[in-house]
Structure formats: structure tokens, C-alpha cells
Amino acid sequence: MKRILGVFLGVLTAIGGFVDMGDLVANAATGARFGMNLAWVVVVGVIGIVVYAEMSGRVAAICQRPVFDLVRERLGPRFGIANLVASFAINMLTLTAEVAGVAIALSLVSSINYLLLVPFVAVLVWLVVWRMPFAIMERVFGILGLCLLVFAVTVWKIGPDWGDLWGQATSPHVPSQETPFTYAYFAIALFGAAMTPYEVFFFSSGAVEDGWTTRDLNENRANVLIGFPLGGLLSLAIMACAHLVLAPRDIGVDELSQVALPVASVVGKLGLAVALIGIFAATFGAALETSLSAGYIVAHYLGWPWGKHVEPRGAARFHVVVMLAIGAAMLIAITGVDPVKVTEYSIVLSAAALPLTYFPILVIANDPTYMGEDHVNSRFVNAIATVYLVILAVVAIWTIPLMIITKAGS
Amino acid sequence: MSRHEGLRRLLVVVSGAVLVIVAAGCVTHPIGAARTYDDYERKATTTAESARSAVATVRLLAEAAGDGNTFGPFAAVVVSEQEDALGGLRGTFASIQPPDDRAVELRDELTPILDDAFTGVGDVRIAVRRGDLEEAARRGDALSAVSAALDAVIEAHP
């Protein structure tokens, strides 16, 4: 019974924890500009993250070491350092966006300028990382993130023409006022938001923090096979809300507050309160995950003791990196950079660096010296994963040119 | 130059370019000079589209506030954000040098509408900050004329 409850809570956590600042912004902005014509990208992204997260969770459970602990050992220090630099830089951008996102969520209920709240948020993130046990931290914010279900309720309350929504999603086209380049750019943004690298760093390191073994492989599968697709539905609900409420009024999404506006308009105060709790939980949870990921990737590369399962004194350098990363994110955020732009750049640049994250996972998950003959990838998984590697390579090549051609989607 | 050194330089150049793009893009209202009328017209249309979005956001918010569907702090932040955005758009558009007389005419057409939008949104903000959400809804309704004017500019300059 305890095990079933654990799996259930894990799935709920995976659903609620799926959405972060990048998903909120990318899905709402896309829905407002392209309707449901890019919904297929969310589906493609979710399948990709399911395949690779399952793989990385399996590697962690079998080897008792997270994937990036093995990257340097298996692929050498040169590949490891390239991976470290790219991953750390993008993770920093994401952390900055999440910290700003939490501050904005708090400003929406307090009316205090979000820049004044950024230092407070940074301290709060650090305190939670420092003091709260890993499992509780993961569950609390993941389950609170389920408040975002209010976006699905909003869509249902609007009572849209479901046939039209389905038609747009299944027969996508480039809207007349857009170009194929902006369509492709936003597709990459959505793809990057769904397959953000930190999700894999955190998922794989979290598996070790939670002490997963081969007995937990089913929980791993349940989390990714049930939790992530349902989390993807939340993303689609946010997209649909923006399409149904904001697009008819020619509203583009440039602020996080606009993401919640359809809920206020349709469901009212209670709905708005629930949406704001959901946005807070989603961004705060992601801020915790990205700040820990900063420590994880550096500690894994340099071979330091790491994680919350180790006494802080025993993993002092790991905690210093986490603290410095939070401090740096705070300093970047309070310069007044546009948090939505930072978010957009973080997800688009994530897309450019995705092969660096996902290629090593595929290599290690196929290596019997790490996985044993019984737990290496099946042919089916390898076939899908290889197709995704090709997609990731194409996306990586096109990201920067598209960013320049479309002036970052403007 | 060895192959490795060349590759390293290429990586440095690409990384630098990405950093510059990111830094430039994250600045609010980045906009370049307009050298031709077409260029100026495109910037005017983009400005009008962004202003229309800001005004429509405030109208939707004011409508929700009038129906008792929002909290005061939320409404205040949303309106202030859009007011800031409009202020930025207005200032940035005003700073673009019109390249010829047609561009000056377009400038004279759009600038008063942006002023009206900024003032109208400011009115909604004042009502919201005073906690008078019904007045905010009325002020929001009054913005429909500004929206129509912005629509007209966008349609006339596709």
C-alpha cells in the first residue's frame, strides 16, 4: 500500500512539476499567436522527454549514480567540459527566469514591484534547498503545481468548439499573419520548453537522492509514462486558454501576468487565486530544481561529494555552487532584464544545446558495463531515441539562424 | 593555425555572438534606425500592434475587474505593466528619426493615438489603485476608441 501511495504521489509530483516558467510563457505566447497549430510540438516534446527521462532514471537506479556522473568517465573530459559549460550557462539562464517568475507571482498578490522581491525569493529558495528534506521539497511544490489544472477548468468553462481545437491541433498550418520562420522559431521554443535539460539533470540526480534501486524501476516508468504526458496536457490547456481568450482580442503574451488573465476573466477570483498558487509553485519548484542542478552538474564533473542526501558539511563545495548560482541569478534578475525574454532565450538556447544533454544518456543507457545486459535499452527505445537525436541535431543547427532571421520571434 | 585552434576560435566567436544576441534581446524595446519609409512603416506597424495588445490587455482586465473577477493587487500590477510597456513603446517610437515626409505624416498619425492609449491606461490604473473597480471598468470601456484607432493604423499599413 505504501508503495502504491509512493507511486501515486510520484505521478502527481511529475504532473504538477512538469510545467515551469518556460512552459507557462511558451505555451501562452504560442496559443495567443498560433492558436493550437503548434500543439503537435508539445506532443513531440513530451514523447522525447518521456523517452530520455525514463532512460536517465533507469541509469541512475541501476548504477546508483546520476547520468552526468558517468559522462566524463564514459565520454572523456573534453566532451564532459563542453557539456558542463553549455549546460551550466543555460541552467543559469533558466534559474534567473524562474527566480524572476517567483518574484512576479508574489508581486501579483502583493502589488510590490517584483524587483524588490527578487532578493527575498533568492533567500527563500536557498533556505528551502538548505533546510527542507529532498522528498518533501519535491512533493510539496510538485503537488501544489497541480493548481495549474485550473487552466483546464477554464477551457472547459469556456465551452469551446472542440472540433475546431482538435482540427487546428491535428491539421496544423502557418497562420496567415505569420511566416514559416516565426512558426519554426516558436516550434523550437515549445520543444526546448518541453525538453529542458535541467529536467533530466534533476530527474536523474533526484533518483539517486531518493535512493532508487532496481526495485524502483516501475515507479520511474509510472512517473514518466503517466506523469509527464498528463503534465503535457496542462501545457496544452494553457495554450488553449491563450488561444480562446487572448487571441481574439489581439493580445500577445509579453508578461507572466497575462498568462493568468484568461482564468480571472472566465473563472473569477477563486480561479485566479488557484492559478497564482499554481504559477508560484511551478516557478518556485523549478527554481529549486535549477539551483540544485547547478550544483549537481559541477559536482558530477569535478567528482565532488554532492546532494541533499549527504550532510552539508560533507558536500560543502556542492552547496557553495548552489548558493553562488542562486546569488548570480538574483543579481542578473535585479538588473531589470525582461524576465519573459530571459525565459524565451533560455528555452530556445536549451534547444540549441539539447544534443549535448541527450546524446550521452543514450550512449550510457546502451553500455552493458554500466547497465548490465538486462537493463540496456531495448531496440524499440533505441529506435525512438535515435529519431529524437536526429530531431535534436536539426533543432540545434537551426536555432541560432532562426533566432537571427525572426529577431527572436518578433 | 592548427585545426583545433581554428575550431576553438570559431567556438569563441559563436559563443560571443550568442551572448550579444541574448544581451541585446533582453533589453526592453530594442529598436534600430529606420533608413527608408518602408522600414519606418514596419516599425510603426509593430509599435501599433504592441500598443493594441497592451490596450486590449487592460480592457480585458478592466472588464474582469468590473465583474468582480480579480483582486486589487493583481489588477494594479497588470495595468502598471501595460502602462510601462506603452510608455516604452511611445518613447521608442518617438525616438526613431523619420526618413522622409511620408514618415513624418505617419508619425503624426500614430503618436497622438499612443498618447491617448497611455493616458487612457493611466486612468484605469488610477481607478484600480483607488480600489474603484467599477470606475476602472468604465475607463476600460472608454479605451475601445483607442483600440479602433490602432486597428485602423495597422490595417492602413500592413
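Which residues have the most contacts inside the largest nonpolar core? I opened my notebook with that one, keeping in mind that this is a predicted model.

**Entry 1, the core.** I looked up the largest nonpolar core and found 201 residues in it. Val99(A) and Leu190(A) are the ones with the most contacts inside this core. I then asked which helix gives the core its largest share, and it is helix H14 of chain A, residues 269–302, with 19 residues.

**Entry 2, around Leu190(A).** I stayed with Leu190(A) and set aside its neighbours within four places in sequence. Leu190(A) is then in contact with Ala26(A), Thr30(A), Leu38(A), Val41(A), Val42(A) and Gly45(A).

Next I checked how helix H3 (residues 39–63) packs with helix H17 (residues 368–375), both of chain A. Their axes lie 10 Å apart, at an angle of about 100 degrees. Angles from 65 to 115 degrees count as roughly perpendicular, so that is the word for H3(A) and H17(A). From H3(A), the contact uses Arg58(A), Val59(A), Ile62(A) and Cys63(A). H17(A) brings Tyr370(A), Met371(A), Gly372(A) and His375(A). I sorted the residues of this contact by class and got 5 nonpolar, 2 polar and 1 charged.

How many residues does the contact take from each chain? I noted 27 residues from chain A and 23 residues from chain B. On the chain B side, helix H1 (3–26), helix H2 (37–66) and helix H3 (72–95) each supply at least two residues. By class, I wrote down 15 nonpolar, 6 polar and 2 charged residues for the side of chain B that touches chain A.

Conventions
Residues are numbered from 1 along each chain as its sequence is written. Chains are lettered from A and ligands numbered from 1 in the order in which they are written. This is a predicted model: local features need pLDDT of at least 70, side-chain atom pairs count only at pLDDT 80 or more; totals for chains, interfaces and linings use all residues. Two residues are in contact if their C-beta atoms, placed from the backbone, lie within 7 Å. Helices (H or I, at least four residues) and strands (E, at least two) are DSSP runs, numbered from the N terminus. Ala, Val, Leu, Ile, Met, Phe, Trp, Tyr, Cys and Pro count as nonpolar, Asp, Glu, Lys and Arg as charged, and the others, Gly among them, as polar. Axes are lines fitted to C-alpha atoms, for helices over the stretch in contact, and angles run from 0 to 180 degrees between N-to-C directions. Angles under 35 degrees count as roughly parallel, over 145 as roughly antiparallel, 65 to 115 as roughly perpendicular and the rest as oblique. A nonpolar core is a set of buried Ala, Val, Leu, Ile, Met, Phe, Trp, Tyr and Cys residues joined through C-beta atoms within 7 Å. A residue is buried if 20 or more other C-beta atoms lie within 10 Å of its own, exposed if 12 or fewer, and partly exposed in between; C-beta atoms are placed from the backbone.
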